[in-house]
Amino acid sequence: METFFRGVSEKTFSQTTAGPISKIGPLKKLTTYTLMILRLTESVFSSESLKEGLKTFFQKHHPQETSLFAPALHSQGSSTRVAVTSAKDLGTTTCLITSYNHPLGNPTNNFEREEDSAKDMKIWEAALATSAAPFYLPPFEKKETNTQYVDGAVYANCPAEVAYAEVEKLWPDKGASLDYLISLGTGDQKAKDTEAPTLVNLGFFVSIRAMFQRQMESKSHWSKFEQQTAPAHIRSRLHRLDPPLKGEHVELYDYEKLQELHDVATEWTRSTAASQIQELADTLIANLFFFEPDDTEASHSPVVPPRHLSDPSYTVLAGSIRCRLSHGSPQLEKLLGEMVEGFYYAQISSDNTAEVGRVQNWAKVEHPLGQVRLLDVMVSESQHSGHDVKKFRLPFTFVVKKQHSMFQGLAIKLKRSEKKIAISGFPSTIDDLQRRSKMKWLQ
């Protein structure tokens with residue numbers, strides 16, 4: 001990816017519409033801007049090299065998957081949900097190009113997913129649509145739909161708030177809680193005014209340039225979201241990685257500084273940010289696991305004490321801990337065999353994940369059959385193809401006094417860490433767990 005990025009950046013940004021960038025002086029800059037105002041060119045740089053580079057790269061690595069989002073190639077139950085920020089109508093209409101649908105009854109006017117595979121976004125097209133930085137690169141035009149797209153940075157240069165809003169739309173009515181949100185910055189550096197001259201304030205550039213300028217400082221947008229916009233109960237689940245850059249301001253087109261940026265970021269990740277990155281990686285691993293209630297009383301469910309079954313003052317919810325990794329994959333085997341020490345249960349006073357690390361009364365989750373290796377906690381299930389596959393299922397049953405105010409916690413302990421880290425969906429009340437178990441959208 002880095003080799004590709006370096007190559008396509010040099011080809012795209014080494015030549016402007018007025019000539020080689022290394023030879024541009026005030027006169028040629030003025031020539032470029034004049035051509036833009038006269039509508040003889042749309043941008044400082046051409047997107048042809050970027051377009052050809054993206055097409056070649058993605059067709060090489062995904063020869064059978066040229067269409068990115070069409071439902072004919074993706075099933076809702078198995079494909080990763082992807083949202084690409086862009087904008088239409090010269091940046092005045094926000095737009096999300098997505099690989100998923102929203103639940104019925106929850107429409108949104110900035111949601112876009114093409115059901116016709118012939119008109120669907122190719123991978124390289126989605127990349128162009130979200131890279132068309134106004135003034136620098138021309139809008140991307142999707143000929144099949146006669147639609148022009150520009151960079152989503154005009155309204156979401158730091159798209160963390162957009163991502164959280166999508167969680168709320170995909171799982172309405174608190175159908176799921178945010179587990180984790182990480183924002184990857186492009187370098188924390190001293191801000192610099194855009195070099196677009198006063199001339200560009202003329203013509204159709206004025207509104208889009210103003211909008212683009214407002215959005216360029218992503219650090220302040222992240223701070224506002226983290227400290228003001230985001231609900232208080234999720235703020236401990238928000239994280240940002242943004243290496244500080246030294247020296248002069250790095251422009252969008254400064255491809256000659258890529259090695260310098262690489263060296264600075266590499267040193268930062270190995271030193272200052274090493275422990276933070278390790279902690280975030282552990283949290284991501286923990287959130288690969290989730291709890292799924294049983295549809296019916298399954299044979300692999302643990303035995304619940306009879307007095308609790310007949311006692312109306314108790315709430316009983318049986319299910320199993322599962323993993324999002326592919327069944328039977330080498331990654332799943334490595335995770336269970338080499339990295340995970342075990343799973344634990346506790347009752348917690350708060351739904352704040354920061355509280356999980358301070359809990360002392362964790363009880364290890366054991367298999368009903370006794371001490372069983374995690375690699376052996378597999379249940380054979382039939383696939384649509386008729387073949388049986390082994391799926392990770394660690395049975396667990398919540399038995400909680402009704403009207404209980406404590407939050408339920410399921411957590412994982414990795415061999416490389418002493419911490420207990422909440423798995424996906426936890427901490428949660430027993431009432432929320434029961435309510436979510438009835439929401440088919442989650443399955």
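Ring pairs join Phe291, Tyr345, Phe396, Phe398 and Phe426 into one cluster. Keep in mind that this is a predicted model.

**Aromatic pairs**
- The count of aromatic pairs comes to 17.
- Take phenylalanine 289 and phenylalanine 343: their ring centres are 5.0 Å apart and their planes sit at 75°, so this pair is edge-to-face, given that the label needs an angle over 60 degrees.
- Phenylalanine 289 belongs to strand β10 (residues 289-293) and phenylalanine 343 to strand β12 (residues 340-348), so the pair ties together parts that are 54 residues apart in sequence.
- Both ends of that pair are tucked away: phenylalanine 289 is buried with a relative accessible area of 0%, and phenylalanine 343 is buried at 1%.
- Phenylalanine 398 and phenylalanine 426 make a stacked pair, with 6.0 Å from centre to centre and 20° between the planes.
- Here phenylalanine 398 comes from strand β16 (residues 394-401), while phenylalanine 426 sits in the loop between β18 (421-422) and α14 (430-437), so the pair ties together parts that are 28 residues apart in sequence.
- Phenylalanine 398 and phenylalanine 426 are both buried, and both belong to the ring cluster.

**Charges over rings**
- Lysine 55 puts its charged end over the ring of tryptophan 124, at 5.1 Å from the ring centre.
- Lysine 420 lies over the face of tyrosine 344, and the distance to the ring centre is 4.8 Å.

**The β10-β11-β16 sheet**
- Three strands, in the order β10-β11-β16, make up an open sheet with antiparallel pairing.
- The edges are β10 and β16; each has a single partner strand, so one side of each has no neighbour in the sheet.
- From one strand to the next, the twist averages 35°.
- Strand β11 (residues 314-323) pairs with β16 over eight bridges, in the antiparallel sense.
- Isoleucine 321 is found opposite leucine 394 in β16.

**Helix α1**
- Which residues of α1 are buried? They are Phe4, Val8, Ser9, Thr12 and Phe13.
- As background, an α-helix has 3.6 residues a turn, so residues three or four places apart point the same way.
- The exposed residues Thr3 and Lys11 are carried on the face of α1 turned away from its buried side.

Key: Residues numbered from 1 in each chain as written. Predicted model: local features only at pLDDT ≥ 70, side-chain atom pairs only at ≥ 80, totals over all residues. Heavy atoms only, no water. Buried < 20%, exposed > 50% of the residue type's maximum accessible area, 1.4 Å probe, protein only. Helix = DSSP H or I, 4+ residues; strand = E, 2+ residues; numbered from the N terminus. Phe/Tyr/Trp six-rings, centres within 6.5 Å; stacked < 30°, edge-to-face > 60°. Lys NZ or Arg CZ within 6 Å of the ring centre and 35° of its normal. Pairing = 2+ DSSP bridges. Axes fitted to C-alpha atoms, helices over the stretch in contact; angles between N-to-C directions.
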